[in-house]
Amino acid sequence: MREPGRAVQIRGTGSATPAQEVPTARLLALALPGRDPVQLQPKIGIDSRGWLGPGESVTGLAAAAARGALASAGVSPGALRRVVVATSTGGDHHIPTVANGVIGELGLDDSCDGFDVHNACTGFLSALDIGARSVATGLGPVLVVAVEAFSPALLPSAHRAYLVLGDAAAAVVLDEGEGTGLRPCFLANSAALRGRMVQPHLHTMAAPTYTFDTAGEVLLASALEHISRACGRVLDEAGLGWDDVDWFLPHQPNGHMLDALVAAMGVPPGRLVPVVQRVGSVGAAAVPVSLDVLYRSGRLRPGDCVLMATVGSGTAYGAVLYQVPG
């Protein structure tokens, strides 16, 4: 069990994107021929994204992010006690899990357990909560990975998904430490928009793809409502206000929606870490990718409060507060 005065801390972070970088202009020409990309691209707010190419795999992408997090943490892979992988797109196979592949890539056979978590774009926060509870009860260090590979199921005819979704992975290493660390976490599911953003099971589909049948304005309003609610719950529990938040890392579905979301919430641009412009909409990996960019930027200071929040299909949503140890 956890000793009094100990906290669950993020010891290191890592992220990875495929080698193949796909510019939005190229996709616009395929999905919406005859339309002016100069006018359309600002409405999307994404310049490029990575898509898995020949010789690349979901397992390899997840393992690359994991190795980066372990190196950042200064933790040997053999020290890990658990691997939790968040993914809504699945791995290279339906069975076994991505976590099983990551354990194999890291040489952890018979030394720890691992499993996948699927909660749409909220999956990383769900996996982070599971990992933190594992550490808090004495099972640590824990590796939490989020990996999404949307590209294999994208078609130009379903242009709303085709023009925004990308592939990426990000990871954190959690362990016990003295002082501050993970603070309140709030996760919930709502009936709002349930059944409106769905990918049927692949074996039921003639051609696998993602379809969005809800207007962008409706999605934005729902995201604003649920992210605001989750952030409010977490800050109230911590006894803090928005002025105490040094960094806000929300879900980033596209550049336009990210800008509209934070403007509506009144969050100063200097507290954000935008990544969607270069990685695309990467589901559960969006928040941890921005977290890794923040960690590696050198801008974090001891005592900084980092508020992570997301919303996904279901509707699943949540927020978690992290205070950087001093």
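Student: How much of the chain counts as buried?

Tutor: Of its 326 residues, 53% are buried, where buried means under 20% relative accessible area, exposed over 50% and partly exposed in between, with a 1.4 Å probe and protein chains only. This is a predicted model, in which local features need pLDDT of at least 70, side-chain atom pairs count only at pLDDT 80 or more, and totals for chains, interfaces and linings use all residues. Residues are numbered from 1 along each chain as its sequence is written, and side-chain values use heavy atoms, leaving out hydrogens and water.

Student: What does the secondary structure come to?

Tutor: The chain has 10 helices and 13 strands. These are DSSP runs numbered from the N terminus, helices being H or I of at least four residues and strands E of at least two.

Student: Switching to charges. How many salt bridges are there?

Tutor: A search of the whole structure gives 7. Each is a side-chain nitrogen of Lys or Arg within 4 Å of a carboxyl oxygen of Asp or Glu.

Student: Which residue does E178 pair with?

Tutor: E178 bridges to R6, with the closest N and O atoms 3.1 Å apart. The pair links distant parts of the chain, 172 residues apart: E178 sits in strand β7 (residues 167-178) and R6 in strand β1 (residues 6-16). R6, E176 and E178 are linked in a network of salt bridges.

Student: Is E178 buried or exposed?

Tutor: E178 is exposed, at 55% relative accessible area, while R6 is partly exposed at 23%.

Student: What about D129, which partner does it have?

Tutor: D129 forms a salt bridge with R133, the closest N and O atoms being 2.9 Å apart. They are 4 residues apart in helix α5 (residues 123-136), so about one helical turn separates them. D129 is buried at 17%, whereas R133 is exposed at 54%.

Student: And where do R229 and E225 sit?

Tutor: Both are in helix α7 (residues 216-238), 4 residues and about one helical turn apart. R229 is partly exposed at 35%, and E225 is partly exposed at 41%.
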